[in-house]
Amino acid sequence: MGATGIGAAIPRKEDHRFITGKGRYVDDINRPGQAYAYFLRSPHAHAKINRIDTSAAQNAPGVVEVYTGDDIAADKVGGLICGWLIHSKDGSPMNAGPHPALAQGKVRYVGDHVAVVIADTLAQARDAAEKIEVDYEVLPAVIDLANAQSGAQIHDVAPNNVVYDWHLGDKAATDKAFASAKHVTKLQLVNNRLVPNPMEPRAAVGEYEEGTDSLVLYTTSQNPHVARLVLSAFIGLAPEHKFRVIAPDVGGGFGSKIFIYAEETICVWAARKIRRPVKWNCDRTEAFLCDAHGRDHVTHAELATDAEGKITGLRVSTKANLGAYLSTFASSVPTYLYVPLLSGQYNIPAIYGEVMALYTNTAPVDAYRGAGRPEATFVIERIVEMAARELNMDPAEFRRKNFVTQFPHQTPVIMCYDTGDYDASLKKAQEIHDIAGFASRKAKSESQGKLRGLGYSAYIEACGIAPSAAVGSLGAGVGLWESAEVRVNPIGTVEILTGSHSHGQGHETTFAQLVSDRLGIPIDNVSIVHGDTDKVQMGMGTYGSRSGAVGMSAIFKALDKIEVKAKKVAAHVLEASEGDIEFKDGKFAVKGTDKNADWGTIALQAYIAHKFNGQELEPGLKESAFWDPTNFTFPAGVHICELEVDPATGSTTIEKWTAVDDFGNLINPMIVEGQVHGGIAQGVGQALLEGAIYNEDGQLITASFMDYCMPRAHDVPSYQVGMTTTPCPSNPLGIKGCGEAGAIASPPAVINALTNALGHENLQMPATPERVWKAAQGARLRMAAE
Amino acid sequence: MPTVTMNVNGRQRSADIDPRTLLVQFLRENLRLTGTHVGCDTSQCGACVVHIDGEAVKACTTLALSCEGSNVLTIEGLANGNELHPMQEAFREHHGLQCGFCTPGMIMTAVDLVRRKGNNLDEKTIREELEGNLCRCTGYHNIVKAIAAGARNMSSMPQSKAAE
């Protein structure tokens with residue numbers, strides 16, 4: 001099965017439906033008799049609602065119902081939750097303000113949900129929404145992180161708009177390292193606010209089945225079981241056994257479709273009230289306003305080094321903008337997904353990080369591709385690069401000198417790196433990139449009046465998230481295992497039911513490759529079932545590059561049980577003792593004889609159950625497993641960005657990109673490389689193009705693709721991708737995960753290259769032509785003088 | 001409500017529609033051809049690209065009534081029965097898609113690009129011509145490869161089919 005098994009770069013099974021227009025996304029689903037929901041959203045960033053008059057809208061053509069916050073309060077619909085409890089330095093729990101699905105008395109950001117109109121057609125719902133009269137009393141808006149603590153209070157429970165004031169690490173030991181440092185490098189940076197923008201906007205169809213008194217929700221979710229759990233146990237719409245959540249084909253997520261939002265809550269709640277299916281489809285501007293945003297940090301960092309150029313300490317202080325409400329996992333992102341990654345690939349004896357998380361009158365901020373880890377990597381990879389420059393050391397050599405080389409390696413901030421070979425990735429990246437040729441390429445650029453720069457980024461991330469008990473001790477409200485069920489049919493075909501969810505990652509192919517490899521059957525005989533809580537019992541979904549390391553490990557474990565059971569059946573069929581049965585390449589054989597039976601025969605015998613006593617051995621061939629990881633996984637690698645700046649216009653062209661990653665073992669290298677490509681483009685977008693900008697009144701002035709600069713094909717280069725491999729020791733397949741690496745590694749690589757080209761460090765993301773042009777003027781004068 | 005009639009994927013289709021109905025709504029909601037997607041509403045992302053009388057057009061900013069009497073080709077009509085169009089095959093072969101949402105628009109744009117620029121497309125041309133199509137998953141690397149390969153493979157197609 002080498003041709004389609006583990007390690008084979010085969011085309012994807014799921015592609016046929018997508019390239020022929022036969023994918024089935026939520027907006028493609030229409031239920032008989034469905035009505036359409038349209039949300040009236042707040043035009044103000046911060047305002048009291050004195051009165052809402054919906055009477056004209058109620059009487060508009062086609063309108064079924066208009067609901068406001070009063071209606072969900074009357075029905076005791078619970079608020080949206082944040083599922084990770086963070087405690088401040090003083091031990092107090094975070095200040096989590098209420099988050100109703102429709103505003104109650106107050107709106108807190110532009111786009112906040114004021115009312116919903118449900119009508120026979122979307123056009124009628126939209127038209128009727130214009131007839132709703134809302135009496136707002138506008139309050140001062142808090143937009144800037146810098147002024148958030150002194151601004152108007154957004155939630156009654158949060159004085160000074162502080163969500164929490166948290167820290168991690170040994171402050172005294174870190175201060176001591178700085179006191180005896182030979183050199184201290186200081187860095188002030190902004191990690192710009194981003195809008196995830198999967199190409200498929202969010203959508204939901206809620207349905208009530210009166211005969212069974214049960215709910216069905218079709219939703220664009222990365223984790224339908226978690227959505228059901230939250231909507232059921234916390235928001236209280238229906239108990240789980242009366243609630244089916246289906247996430248069919250989902251058009252990208254990047255974190256933004258992990259969360260449980262107001263819109264799907266309202267659709268499924270309203271469907272029961274009006275006894276009709278209710279459909280909502282997000283338009284792009286609504287997505288800009290209301291999908292959870294990413295990043296948005298302001299950070300001061302300091303790095304201590306000794307006389308030999310060894311790093312002795314790192315001190316980081318960050319303000320994190322969490323927006324107007326705490327989204328589902330918002331609190332974990334700038335804390336446990338951030339500071340524990342600040343050690344990077346380096347042996348740093350003392351680290352201290354403190355994070356002040358603040359409310360502002362902006363969209364909620366939560367996990368976006370990488371979630372905390374890109375923010376950490378940007379800090380450590382920028383400051384390491386700067387330190388090398390200040391110490392007049394080659395940036396690669398400075399990194400090499402400080403790399404962790406012994407494993408396992410316990411950092412001062414929770415993480416225990418299990419394995420890796422950071423120098424191998426650096427060496428390979430330098431070879432592929434032709435570092436030796438950089439000087440002549442730079443000279444050529446300069447002869448044409450251009451500035452050329454080269455930047456490294458040696459990233460590490462923590463994936464798979466994570467051992468359930470460990471995350472529980474850090475405040476997580478859920479476990480982070482994954483489940484799998486293997487159903488072998490009587491003719492030997494196999495269905496894999498998984499709690500992972502594919503929204504572009506290619507699980508239908510890679511998971512089938514694992515099964516094909518293991519059972520010796522063609523991948524076309526394997527189907528992957530996911531995204532439906534009525535089919536898959538429970539699961540935690542897909543984010544944090546966890547579907548390979550955790551999701552496939554659960555499948556692997558279930559396949560172990562299948563093999564044990566199938567061998568028992570084979571022993572009866574082949575009239576041998578169980579211990580003498582060997583299973584290889586899809587055949588069961590009796591050790592030392594030529595007696596054997598193929599996979600399909602044993603599957604059939606398991607079901608017809610003629611050859612064994614059904615009281616001693618249960619008929620059938622179906623097993624399930626839950627896999628709880630024993631550690632995070634630690635993918636790591638080196639990216640090198642080489643770019644050219646035109647100082648006359650400030651335009652930046654990426655000329656060359658090399659990525660060498662250690663993801664452990666690979667199931668399908670083609671898919672893995674695709675994940676790297678996509679991640680790099682998102683990181684380049686952050687570094688050069690993207691930024692969500694609110695004006696001082698809290699209006700989002702980048703609320704369409706005309707204003708928010710998404711990376712397009714001509715903004716990015718082709719990428720050179722290489723791999724090194726140290727198999728992950730904490731899961732049976734040796735997988736580390738690859739989904740976020742590109743987005744984590746790339747922003748510092750770009751900014752390190754740009755600052756290298758420009759000859760100074762003062763450049764914030766996104767490095768737009770305007771910013772680069774301003775920063776380039778010094779260099780331009782220097783060039784003119786030479 | 002006015003009636004609109006057009007030929008979609010080789011079939012005459014007709015419906016009474018609200019005059020403000022967009023072509024993409026007509027295709028998705030009246031004809032249930034859901035392969036054409038809406039990703040942005042502002043003609044930026046290109047997930048809605050179809051061919052009208054042989055040319056690539058964004059269906060999210062085209063009124064259905066303006067297509068009266070036109071020949072419209074959508075992603076569902078691109079393959080020749082069970083035989084994939086070379087551009088579809090190239091996207092599969094070169095992993096030019098991940099979540100698949102932008103893919104129909106990308107493929108329809110790419111086929112139009114070959115009609116306009118020929119079968120030998122260099123990387124720079126392809127990247128510039130994709131100005132109107134956004135993908136958030138692939139980083140474009142494999143889309144560019146797929147379009148170059150698909151364009152080459154289209155040269156062996158019968159002239160009439162390639163022109164569509």
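Let's start in the middle. The largest nonpolar core of this predicted model has 315 residues. Which residues have the most contacts inside it? They are A:Ala37, A:Val117, A:Ile118 and A:Ile555. One helix of chain A gives the most to this core: H15, residues 546-573, with 14 residues.

Take A:Val117. Set aside its neighbours within four places in sequence. A:Val117 is then in contact with A:Tyr38, A:Leu40, A:Ala57, A:Val63, A:Val66, A:Ala125, A:Ala128 and A:Ala129. Keep A:Tyr38 in mind. A:Tyr38 stands opposite A:Val117, which is in strand E5 of chain A.

Now the strands around that pair. Strand E1 of chain A covers residues 35-41, and strand E5 of chain A covers residues 113-119. How do E1 and E5 of chain A pair, parallel or antiparallel? Antiparallel, over six bridges.

Both belong to an open sheet of seven strands in chain A. The order is E3-E5-E1-E12-E9-E10-E11, and the pairing is mixed. Which strands are at the edges? Strand E3 (63-68) and strand E11 (243-246) of chain A, and each pairs on one side only. From one strand to the next, the twist averages 20°.

Two helices go with these strands. Helix H4 of chain A, residues 122-129, packs on the sheet. H4 touches E1, E3 and E5 of chain A, and its direction makes about 30° with that of E1(A). Then there is helix H6 of chain A, residues 224-234. H6 lies across strand E10 (214-219) and E11 of chain A, and runs at about 145° to E11(A).

Next sheet. This one is open too, with four strands of chain A in the order E18-E26-E27-E28. Its pairing is mixed. Strand E18 (451-460) and strand E28 (720-724) of chain A are at the edges. Each has a single partner strand, so one side of each is left without a neighbour in the sheet. Neighbouring strands here are turned by 15° against each other on average, direction ignored.

Look at one pair in this sheet. Strand E27 of chain A, residues 651-662, pairs with E28(A) in the parallel sense over five bridges. A:Ala659 stands opposite A:Val721 in E28(A). Helix H18 of chain A, residues 741-758, packs on the sheet. H18 touches E18, strand E26 (636-646) and E27 of chain A, and its direction makes about 150° with that of E18(A).

On to a single residue, A:Arg12. A:Arg12 lies in the segment before H1 of chain A.

Now both chains. The contact takes 41 residues from chain A and 43 residues from chain B. On the side of chain A that touches chain B, helix H1 (15-19) and helix H17 (669-689) of chain A each supply at least two residues. H17(A) gives the largest share, seven residues. That side divides into 19 nonpolar, 14 polar and eight charged residues.

Last stop, chain B. Helix H5 of chain B, residues 141-154, has 14 residues. H5(B) reaches 20 Å from its first C-alpha to its last, close to the 20 Å expected. Why is H5(B) largely enclosed by the rest of the structure? Because eleven of its 14 residues are buried. Among them are B:His141, B:Lys145, B:Gly150 and B:Met154.

Notes
Residues are numbered from 1 along each chain as its sequence is written. Chains are lettered from A and ligands numbered from 1 in the order in which they are written. This is a predicted model: local features need pLDDT of at least 70, side-chain atom pairs count only at pLDDT 80 or more; totals for chains, interfaces and linings use all residues. A nonpolar core is a set of buried Ala, Val, Leu, Ile, Met, Phe, Trp, Tyr and Cys residues joined through C-beta atoms within 7 Å. A residue is buried if 20 or more other C-beta atoms lie within 10 Å of its own, exposed if 12 or fewer, and partly exposed in between; C-beta atoms are placed from the backbone. Two residues are in contact if their C-beta atoms, placed from the backbone, lie within 7 Å. Ala, Val, Leu, Ile, Met, Phe, Trp, Tyr, Cys and Pro count as nonpolar, Asp, Glu, Lys and Arg as charged, and the others, Gly among them, as polar. The expected span of a helix is 1.5 Å times one less than its number of residues. Two strands pair if DSSP finds at least two bridges between them. Axes are lines fitted to C-alpha atoms, for helices over the stretch in contact, and angles run from 0 to 180 degrees between N-to-C directions.
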